[in-house]
Amino acid sequence: MTDARAAAVSLARRLKEDGHVALFAGGCVRDRLLGKDPKDYDIATSATPAQVRRLFPGSNEVGAHFGVVIAKTKGHHVEIATFRTDGSYHDGRRPATVTFSTPEEDARRRDFTINGLFEDPESGELIDHVGGRADLAAGILRAIGVPAERFAEDSLRLLRAVRFAVTLDFEIDPATWAAMVEHADGLARIAPERIREEFSRILVLPNRARGLELLVASGLIRHFLPEVLALIGCEQPPEWHPEGDVFTHTRIMLGMLGEHAPLELCLAVLLHDIAKPPTQTFDPEAGRIRFNGHDALGAAMAEEILRRLRYPNDVIESVSFMVSRHMQFMNVQQMRVSRLKRFMAAPTFPLELELHRVDCGSSNGFTGNFDYLRGKRDEFASSPLIPPPLVTGRDLIALGQSPGPRFKDLLEAVQTEQLEGRLSDREAALVWIKERVFK
Ligand code: ATP
Ligand code: MG
């Protein structure tokens, strides 16, 4: 038994000793049945929040009227929630009231059958009021009760449905799917932060490509990332892109990323060609489709999109930077050493190299630039790409120069010489400067 489970079992035992019903609920029951280690344990109980708090001094009540208490034992946090029925929903986000009730009613207010199971913490016996066990065995994600009502109550469930289906590789039951499509517009009522949270969780899953397809097919993506829909049917030159339109290209790339690809990389892949639709032109002379400037415009669009979804600034900056540079990978073999080293010194470079790998891999299959960069990375590995400067502004002042734009140019010029391997010590650098300044 894991420590987390042992901690949760002991809390449940204390509740029982005090005369209450206490059951494991939701995700932890589902995950154990799937043979996965639950990341946290939730207990559902007949004890009221006040009784729970009295039993576990030091525990905290969160969202008081929802009746959830967080208890801590041996470094593990366990959520203890009183069996409840949610009252009516007025805003598509949260119930107006909740009343404490029975295990069966508590199971019915949950979102999906596979999330509606209870388990006796000590005997491991399953208590299934919603048919969750059969759906779990069959690999089906199904809303509890009348699907349309459940999605109308709480629109966040629309994204949760996609996330669970993709995480578990489950099929969405046809009636549940139909209700999702019908109620997709409800997503407009959900705060961008909450949408972003679910969307990010979908995008980092190994099967993120299916996640994207489900978001498109259900109509959900229209409410938070409509720009992606314009990629569908955006034709590209077939000699470079035999795979098809920009959407297909992007989707294949998402599928080629590793299982643990970081969020920034997933977002950069999703958005790298986001400006192809608005920049698409047909060049009659060359007889081909072009997307001039789609990297720069794409960086601006990525920034606007990620800001709208309330991503943190560091994520916005990295993703937009990666989008802005993705076409430069075509020129790396023509870059001077100094330029190449500066290019490779960007903190995002390892992610960009991966973006480039899947960009080519999902289209023309070229590996020349990727192989070249990997070779250069090894070649440059023994010393820092950008070594400590040979001279500083203070040296220039000592030479009688006054700070200004020329100052910066001069220092950069010295660095260029250094990166090119033409200057390697301070004395030589000072001579080099004097030759230029005092000639
Ligand atoms: P995860 O592994 O993502 O944590 P989980 O099933 O534990 O999965 P939580 O978001 O932690 O999901 O919620 C715990 C339980 O609360 C769920 O299993 C489900 O029974 C219930 N639940 C959570 N959010 C909702 C919701 N929006 N509507 C109805 N029930 C919900
Ligand atoms: Mg959970």
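**Helices, pockets and domains**

Reply: Start with a helix pair. This is a predicted model. In it, α7 and helix α10 (residues 208–218) pack at an angle of about 150°, and their axes are 10 Å apart.

Me: What does that say about how α7 and α10 run relative to each other, parallel or antiparallel?
Reply: Angles over 145 degrees count as roughly antiparallel. α7 and α10 are therefore roughly antiparallel to each other.

Me: And is the crossing of α7 and α10 left-handed or right-handed?
Reply: Right-handed.

Me: New topic. Which domains does the protein have?
Reply: The domain assignment lists domain 1 (1–129), domain 2 (139–219), domain 3 (226–379) and domain 4 (393–437).

Me: How far apart are the C-alpha centres of domain 1 and domain 3?
Reply: Those centres lie 45 Å apart.

Me: Pockets next. What is the volume of the largest pocket?
Reply: About 1,600 Å³.

Me: Where does the largest pocket lie?
Reply: Between domain 1 (1–129) and domain 2 (139–219), because both give residues to its lining.

Me: How many residues line the largest pocket, and which lie nearest its centre?
Reply: The lining has 45 residues. Nearest the centre are D42, D111, R160, R163 and F164.

Me: Which element supplies the largest share of that lining?
Reply: α7, with seven residues. Among the elements that each supply at least two are α2 (27–33), β2 (42–45), β4 (68–73) and α9 (192–203).

Me: How does the lining of the largest pocket divide by class?
Reply: Into 23 charged, 17 nonpolar and five polar residues.

Me: What about the volume of the second largest pocket?
Reply: That one is about 520 Å³. Its lining has 28 residues, and W240, H241, R288, M327 and M330 are the closest to its centre.

Me: Which elements give two or more residues to the lining of the second largest pocket?
Reply: β13 (288–290), α14 (294–308), α17 (349–361) and α18 (368–379).

Me: Last one. How do the residues of that lining divide?
Reply: There are 13 polar, nine nonpolar and six charged residues in the lining of the second largest pocket.

How values were computed:
Residues are numbered from 1 along each chain as its sequence is written. Chains are lettered from A and ligands numbered from 1 in the order in which they are written. This is a predicted model: local features need pLDDT of at least 70, side-chain atom pairs count only at pLDDT 80 or more; totals for chains, interfaces and linings use all residues. Side-chain values use heavy atoms; hydrogens and water are left out. On a 1 Å grid over the protein atoms alone, a cavity is a set of points where a 1.4 Å probe fits but cannot get out, and a pocket is an open set with protein on both sides within 12 Å along at least five of seven lines; lining residues have an atom within 4 Å of a point. Grid points are joined across faces, edges and corners, and a volume is the space filled by probe spheres set on the points. Helices (H or I, at least four residues) and strands (E, at least two) are DSSP runs, numbered from the N terminus. Ala, Val, Leu, Ile, Met, Phe, Trp, Tyr, Cys and Pro count as nonpolar, Asp, Glu, Lys and Arg as charged, and the others, Gly among them, as polar. Domain bounds come from an automatic or database domain assignment. Axes are lines fitted to C-alpha atoms, for helices over the stretch in contact, and angles run from 0 to 180 degrees between N-to-C directions. Angles under 35 degrees count as roughly parallel, over 145 as roughly antiparallel, 65 to 115 as roughly perpendicular and the rest as oblique. A crossing is left-handed if the near helix is turned anticlockwise from the far one by less than a right angle, and right-handed if clockwise.
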